[in-house]
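The entries below keep the order in which I looked things up.

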Amino acid sequence: QFIAQLGENFSVANRQSSLLSESTIKLGSINQTSHLSHWLQNRFEPDWQPVETILAASGRSPARLRSAFSLRGSDVVKRFKQIQLKTENPLEIFLVIAVSQLESAFKICVQIQPSLENKILPGNLKLSLIDSNSALLASIETEAEDNFIQLPYFRGAEGEKFIIGVELDSYSYREKFLI
């Protein structure tokens with residue numbers, strides 16, 4: 001895209017005037033890839049916090065978190081990331097991921113939770129699982145009074161890639177993962 005926008009004029013003077021002109025080059029939004037297999041080695045990307053942080057901040061165990069994961073045990077890693085939905089009325093939600101390693105695969109659970117200030121998620125919020133070829137594998141959308149939504153559990157092998165998408169109104173957020 002960058003080279004196409006520069007066009008056929010490839011002299012230094014033309015490149016500088018092209019780059020300084022009013023038209024800007026939009027490379028798109030690139031999110032850092034989260035490496036889930038590293039999570040089981042206690043290596044995390046900076047934005048991913050322990051789920052226990054939510055519990056400590058609330059001063060009690062929200063019912064939605066108690067029922068959030070049937071994955072339990074010392075071999076299960078649960079982390080969350082705060083996402084700001086830049087919609088007409090900005091809204092903060094939590095993307096929550098739980099991962100554990102089975103014999104030859106990883107078991108993964110993905111949820112969206114409202115922030116601690118909110119008890120329910122907005123209507124028409126969509127959570128999607130997308131493969132590395134941009135094919136939609138699964139999705140779920142909030143209904144009235146949902147206090148969390150969750151994708152079906154899925155499994156993947158080390159080295160596999162997937163994307164988690166969150167959509168609300170015209171706002172779209174995507175997070176890349178590598179198992």
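I began with strand β11, residues 171-178, and found that Y171, Y173, E175 and F177 make up its covered face, while S172, R174, K176 and L178 make up the uncovered one. For the record, I take strands as DSSP runs of E with at least two residues, numbered from the N terminus.

I noted that this is a predicted model, in which local features need pLDDT of at least 70 and side-chain atom pairs count only at pLDDT 80 or more, whereas totals for chains, interfaces and linings use all residues. Residues are numbered from 1 along each chain as its sequence is written, and side-chain values use heavy atoms, with hydrogens and water left out.

Next I looked up the pairing, where two strands count as paired if DSSP finds at least two bridges between them. Strand β1 (residues 34-35) runs parallel to β11 and is joined to it by two bridges, with H35 standing opposite L178. Strand β10 (residues 161-168) runs antiparallel to β11 through eight bridges, and I found F162 partnered with F177 there.

In the hairpin of β10 and β11 I saw two residues between the strands, and D169 takes a positive phi near 55 degrees.

I then followed β10 to strand β6 (residues 126-131), which is antiparallel to it with six bridges; S128 has G165 as its bridge partner.

Finally I wrote down the order of the open five-stranded sheet, β1-β11-β10-β6-β7, with mixed pairing. Its edge strands are β1 and β7 (136-141), each of which pairs on one side only.

Technical notes. Buried < 20%, exposed > 50% of the residue type's maximum accessible area, 1.4 Å probe, protein only. Helix = DSSP H or I, 4+ residues; strand = E, 2+ residues; numbered from the N terminus.
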